[in-house]
Amino acid sequence: MINEVKSVLAAFFGVQKEANRKRDFEHGHALDFLVVGLVMAALLVGGMALLSTVVAS
C-alpha cells in the first residue's frame, strides 16, 4: 500500500520515474490507485478549504 501512496504523490507533483510507472502498471491494481488518489484528493481539497477559512478569519 505504501508504494501506491508514493506513486500517487509523485503523480500529483508530476515527478514519477519511468521505472516506478512501469512497476505500477505491471504489478499494481487500478482500484488501489483509484482509492488512494481519491482519498489524497479529498485531503488536499479539505486542507485547502481549512487553510482558506483560517486565513479569511
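Which backbone oxygen does the side chain of Ser57 reach at 3.1 Å? In this predicted model, that atom belongs to Thr53. Ser57 itself sits in the segment after H3. Its relative accessibility is 79%, so Ser57 counts as exposed; the cut-off for that class is over 50%.

The packing of two helices was examined next. Helix H1 spans residues 2-13, and helix H3 spans residues 30-56. Their axes come within 9 Å. The crossing angle is roughly 60°. H1 is therefore oblique to H3, since an angle of 65 to 115 degrees would be needed for roughly perpendicular and one under 35 degrees for roughly parallel. The crossing of the two helices is right-handed.

Residues from both helices build the contact. H1 contributes Glu4, Val5, Ser7, Val8, Leu9 and Phe12. From H3 come Asp32, Phe33, Val36, Gly37, Met40 and Ala41. Sorted by class, the contact of H1 with H3 holds eight nonpolar residues, two polar residues and two charged residues. Glu4 of H1 and Asp32 of H3 are among the contact residues, and Glu and Asp count as charged. Ser7 and Gly37 also take part; Gly is classed as polar.

How values were computed. Residues are numbered from 1 along each chain as its sequence is written. This is a predicted model: local features need pLDDT of at least 70, side-chain atom pairs count only at pLDDT 80 or more; totals for chains, interfaces and linings use all residues. Side-chain values use heavy atoms; hydrogens and water are left out. Axes are lines fitted to C-alpha atoms, for helices over the stretch in contact, and angles run from 0 to 180 degrees between N-to-C directions. Helices (H or I, at least four residues) and strands (E, at least two) are DSSP runs, numbered from the N terminus. Angles under 35 degrees count as roughly parallel, over 145 as roughly antiparallel, 65 to 115 as roughly perpendicular and the rest as oblique. A crossing is left-handed if the near helix is turned anticlockwise from the far one by less than a right angle, and right-handed if clockwise. Contact means heavy atoms within 4.5 Å. Buried means under 20% relative accessible area, exposed over 50%, partly exposed in between (1.4 Å probe, protein chains only). A polar contact is a pair of N or O atoms within 3.5 Å; within protein, one must be able to donate a hydrogen and the other to accept it, and residues adjacent in sequence count only if both atoms are side-chain atoms.
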